[in-house]
Amino acid sequence: MRGFRPFFLKELREIARTWRIWVLPSIVVVFALTGPVLAKVMPEILRSMSSEQLGGAVISLPEPTWKDAYAQWVKNLTQIVTFALVIMLGGTVASEVRSGTAIMVLTKPVSRPAFVLAKAAANAVLVTATTLLGAAATWAVTLAVFGEAPLRPIVQPTAAWLAWALFLVAVMTLASVLVQSPSGAAGVGIGVYAAISIASLSRWAVEHTPAGLIGAPGALLAGDRPPLSWPLAATALIAAAALAGAAVLFARKEL
């Protein structure tokens, strides 16, 4: 793959200097910093609201713990951050093809497979760094707010979601090669997510396909031990196939 390393480094610099460094990291960090605080004050807010609406009657709610803060983190990752990631990655290749930037880059000593895979690798670095930063922030704020924040209950769900997120990076790279518009590629990604979510209703799919990663963060946080060996292996194989397909298709694509 001619030119992979310099183009990969160029992509990392571009991420650091453009809007991409702010969008996903900002969303994740805001949720990481506010999630534990909301988990702490939400029961009191609900008690106050219920007391006013029920004429002074007080609803008994359990005192919040670090588990509630971690649950908020997992919920934000699996819902809002997942959709933000899909939308952001829709333009991985499509936006540069539409703007004509891809043609300019490919006049230099950069092969087409290197162009595609370097973009995927740079996005993977961004997603990984952002996720680790968000998890660290959640842990620190949870410790400050609740005085207790064990590591394993946040590390395991976060790692499971990160595996799912990296799978989405590969899928969205392929979608962005197949579809010429970023919004169209994002639509394909949302369709893939919906299909896998439906597949997660099947026990076999949960135990043997990427569908097992959708509910894994919540299950791990609850203390369960979902079967992850086959889902992780299948996820890695499909992601590799998606990246290979993206590289091959882009090499044949008319720009």
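A residue counts as buried under 20% relative accessible area, as exposed over 50%, and as partly exposed in between. Val-37 has a relative accessibility of 38%, so it is partly exposed. The model is a predicted one.

Val-37 sits in helix H2, which covers residues 20-53. Beyond its neighbours within four places in sequence, Val-37 touches Val-141 and Val-145. Thr-158 lies 121 residues away from Val-37 in sequence. In space, the two C-alpha atoms are 19 Å apart.

## Overall fold

The chain holds eleven helices and zero strands. In sequence order the pattern reads α-α-α-α-α-α-α-α-α-α-α. Along the principal axes, the C-alpha atoms fill a box of roughly 70 × 40 × 35 Å.

The chain has 255 residues, and 44% of them are buried. Take the contacts between residues at least 6 apart in sequence: 77% of these join residues at least 24 apart.

## Helix H7

H7 spans residues 152-178. The helix has 27 residues. From first C-alpha to last it reaches 39 Å, close to the 39 Å expected at 1.5 Å a residue. Of its 27 residues, 19 are buried, so H7 is largely enclosed by the rest of the structure.

## H7 against H6

H6 runs over residues 112-146. The axes of H6 and H7 come within 10 Å and cross at roughly 155°. Angles over 145 degrees count as roughly antiparallel. H6 and H7 are therefore roughly antiparallel to each other. H6 passes H7 in a right-handed crossing.

On the H6 side, the residues in contact include Val-116, Ala-120, Asn-123, Val-127, Thr-131 and Trp-139. H7 contributes, among others, Ile-154, Thr-158, Trp-161, Leu-162, Val-169 and Val-177.

H3 covers residues 66-89, a run of 24 residues. Its first and last C-alpha atoms are 32 Å apart, close to the 34 Å expected at 1.5 Å a residue. H3 bends by about 40° at Val-81.

The axes of H3 and H7 come within 10 Å and cross at roughly 5°. The two helices are therefore roughly parallel to each other. Among the H3 residues making the contact are Trp-66, Tyr-70, Trp-73, Leu-77, Leu-85 and Leu-89. Val-81 is also one of them; H3 bends at this residue. The H7 residues include Pro-153, Pro-157, Trp-164, Leu-168, Met-172 and Ser-176.

## H6 against H1

H1 covers residues 4-17. H1 and H6 pack at an angle of about 45°, with their axes 9 Å apart. They are therefore oblique to each other. The crossing is right-handed.

Key: Residues numbered from 1 in each chain as written. Predicted model: local features only at pLDDT ≥ 70, side-chain atom pairs only at ≥ 80, totals over all residues. Heavy atoms only, no water. Helix = DSSP H or I, 4+ residues; strand = E, 2+ residues; numbered from the N terminus. Expected span 1.5 Å × (residues − 1). Bend = angle between axes of the 7 residues up to and from the residue. Buried < 20%, exposed > 50% of the residue type's maximum accessible area, 1.4 Å probe, protein only. Contact = heavy atoms within 4.5 Å. Axes fitted to C-alpha atoms, helices over the stretch in contact; angles between N-to-C directions. Parallel < 35°, antiparallel > 145°, perpendicular 65-115°, else oblique. Left-handed = near helix turned anticlockwise from the far one by under 90°.
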